[in-house]
Amino acid sequence: MSKPVKAAVFGTGSWGTAFGMVLADAGCDVTLWGRRGELAAAVNSTRTNPDYLPGVELPENLRATSDPAEAAADADFTVLAVPSQTLRGNLAEWVPLLAPETVLVSLMKGVELGSTMRMSEVIEDVAKVGADRIAVVTGPNLAREIAARMPAAAVVACRSEAVAQRLQSACHTPYFRPYTNTDVVGCELGGAVKNVIGLAVGIADGMGLGDNAKGSLITRGLAETTRLGLAMGADPMTFSGLAGLGDLVATCSSPLSRNHTFGINLGKGMTLQETISVTKQTAEGVKSCESVLDLARRHGVDMPITETVVGIVHEGKPPVVALKELMGRSAKSERR
Ligand SMILES: NC(=O)c1ccc[n+]([C@@H]2O[C@H](COP(=O)([O-])OP(=O)(O)OC[C@H]3O[C@@H](n4cnc5c(N)ncnc54)[C@H](O)[C@@H]3O)[C@@H](O)[C@H]2O)c1
Ligand SMILES: O=P(O)(O)OC[C@H](O)CO
């Protein structure tokens, strides 16, 4: 009998834990790494993650540790599930511990502030491994639904189709159906920008603007994501797939989305500080809206919805004023 695939998951938050479950259900031996020893101990003793997925029973072949060397040892896949803005610092500490041939897998949906690097680029920069050993998992994957083993499709993207297929097989379960894609740029942009559009839709929902506004924001949000993707060499077809439209629809319609909920609170009139204080988990769009806008400007791409979100979230612009400005833009062709 062949040895089970070994996976290390760095990050014991909602998605790290839920994706660890998926890997374990697919037959991998999974070790979760978490910063806090007491949470790792609770995972092992109660077979639940009481802080992030309370009430969800975790499989036997998943355990947790706060020792990064123990988690990383001999891992075929090293999965990274920490906030995008802390990845660089976290990974720098883990690089000396990584198994020599491990494939690094990003679960993160953000763009680094300042450098405007996508997460796979940060991984390549810090770990000094080639793009053929870096993969991305993305798509409409709300952690709580996956943890309840509700059905979902996903994308595993890697420049190497063979590596993407290995990861696909390592995380394929009766409820989790991963497709491969070699367009890593498009898949990562889809995941990062949908969080920004999710904030915009949430703000509109919080303001009570209705479903026509929601449909318009989703569609024009996808249009500006695709424009940016084209400028960055992505395949435009990726944006009508799971990493684009699929994730956008799930995020913009679900009360489980942290970005959508964050936007609703802002749209209802909470201040940024009040909204941050009631948000317990990572809402990547809050920081990544600035790096996505930076990226758009570097590539000369017009992203009016992203610009509007930055105005509301970071420049204190009242949502009603931002709405008036967005609707007052000059008339243009839908194709531009
Ligand atoms: N939750 C989801 O439904 C979901 C689904 C798909 C993708 N994602 C993406 O996965 C990534 C992780 O999200 P999540 O939902 O697991 O977030 P989370 O907030 O639930 O968990 C984040 C984890 O990172 C840890 N962490 C926070 N700051 C850290 C630091 N400075 N150093 C080391 N660890 C730190 C936390 O302790 C926690 O374990 C994000 O990029 C998110 O966009 C989330
Ligand atoms: O909760 P959110 O807004 O981070 O969204 C979670 C996932 O990215 C949905 O696919």
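1. A residue is taken as buried when 20 or more other C-beta atoms lie within 10 Å of its own C-beta atom. The model under discussion is a predicted one. By that criterion K194 counts as buried, because 33 C-beta neighbours are found inside 10 Å.

2. K194 also carries a record-based label: the UniProt annotation "active site", from an unreviewed entry, covers this residue. K194 is placed in helix α8, which spans residues 184–207. When neighbours within four places in sequence are left aside, the contacts of K194 are D247, L248 and T251.

3. The domain assignment divides the protein chain into domain 1 (6–182) and domain 2 (189–327). The C-alpha centres of domain 1 and domain 2 are 25 Å apart. To the contact between them, domain 1 contributes 22 residues and domain 2 contributes 26 residues.

4. Which elements give two or more residues to the side of domain 1 that touches domain 2? They are α6 (143–147), β7 (152–158) and β8 (176–181). The largest share of that side comes from β7, with three residues. In terms of class, the side of domain 1 that touches domain 2 holds nine nonpolar, nine polar and four charged residues.

5. Ligand 1 has 25 residues around it, of which G13, W15, M108, A143 and Q281 come nearest. Helix α1 (residues 14–25) gives the most to this shell, namely three residues. The shell around ligand 1 comprises nine nonpolar, 13 polar and three charged residues. Both domains take part in the shell around ligand 1: at least three residues are drawn from each of domain 1 (6–182) and domain 2 (189–327).

6. The largest nonpolar core has 103 residues, and V79, L80, A135 and L167 are those with the most contacts inside it. Helix α8 gives the most to this core, with 13 residues. Why is the core said to lie between domain 1 and domain 2? The core lies between them because domain 1 (6–182) and domain 2 (189–327) both give residues to it.

7. Not counting residues up to four places away in sequence, A135 touches V103, V105, V156, A157, C158, V163, A164 and L167. Among these partners, L167 is itself one of the residues with the most contacts inside the largest nonpolar core.

Terms used
Residues are numbered from 1 along each chain as its sequence is written. Chains are lettered from A and ligands numbered from 1 in the order in which they are written. This is a predicted model: local features need pLDDT of at least 70, side-chain atom pairs count only at pLDDT 80 or more; totals for chains, interfaces and linings use all residues. UniProt positions are given in the numbering used here, feature names are shortened, and annotations may be inferred rather than shown by experiment. Helices (H or I, at least four residues) and strands (E, at least two) are DSSP runs, numbered from the N terminus. A residue is buried if 20 or more other C-beta atoms lie within 10 Å of its own, exposed if 12 or fewer, and partly exposed in between; C-beta atoms are placed from the backbone. Two residues are in contact if their C-beta atoms, placed from the backbone, lie within 7 Å. Domain bounds come from an automatic or database domain assignment. Ala, Val, Leu, Ile, Met, Phe, Trp, Tyr, Cys and Pro count as nonpolar, Asp, Glu, Lys and Arg as charged, and the others, Gly among them, as polar. A residue is near a molecule or strand if its C-beta atom, placed from the backbone, lies within 6 Å of it. A nonpolar core is a set of buried Ala, Val, Leu, Ile, Met, Phe, Trp, Tyr and Cys residues joined through C-beta atoms within 7 Å.
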